[in-house]
Amino acid sequence: PSTRARLKFSVSDRGIGIPADELPHIFDRFYRGKLAVESERSGSGLGLAIAKRIIELHDSTISVTSLPGKGTEFSFELRSAA
C-alpha cells in the first residue's frame, strides 16, 4: 500500500437531482434516466460508465449523492503524484 497522500475531488450541481430508484443504475453502460429518455435528450449513456472505469483503473471508486430538486454530487479520490 502506498503512503502517498490522496486528493479528493468533488463535482456538484444544484440541478434537478437523480431519483433514488435510478442511483443504482447510473454507472451502467447505456443507462439513461427516465427524464433523459422522456425529454429526448441526446446521449448514449456511456459517460458515467467510462468515468467509473477510469477511476477504478487508478485504484479508486466514485460515489454519488443526490437529492431530487436539490442537486447531485460525485466524488472520488486519487493518489497524489509524489
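Tutor: Being three residues apart in helix α2, R53 and E56 are separated by about one helical turn, where helices are DSSP runs of H or I with at least four residues and strands are runs of E with at least two, both numbered from the N terminus. This is a predicted model, in which local features need pLDDT of at least 70 and side-chain atom pairs count only at pLDDT 80 or more, while totals for chains, interfaces and linings use all residues. Residues are numbered from 1 along each chain as its sequence is written, and side-chain values use heavy atoms, with hydrogens and water left out.

The side chains of R53 and E56 form a salt bridge at 3.8 Å, N to O, the term meaning a side-chain nitrogen of Lys or Arg within 4 Å of a carboxyl oxygen of Asp or Glu. E56 also meets K52 in a salt bridge, again 3.8 Å from N to O, and these two residues lie four apart in helix α2 (residues 47–57), about one turn of the helix. R53 is partly exposed at 47% relative accessible area, as are E56 at 35% and K52 at 32%; buried means under 20%, exposed over 50% and partly exposed in between, with a 1.4 Å probe and protein chains only.

The whole structure holds four salt bridges, including one between the side chains of R6 and E77 at 3.3 Å, N to O. That pair links distant parts of the chain, with R6 in strand β1 and E77 in strand β3 (residues 71–79), 71 residues apart.
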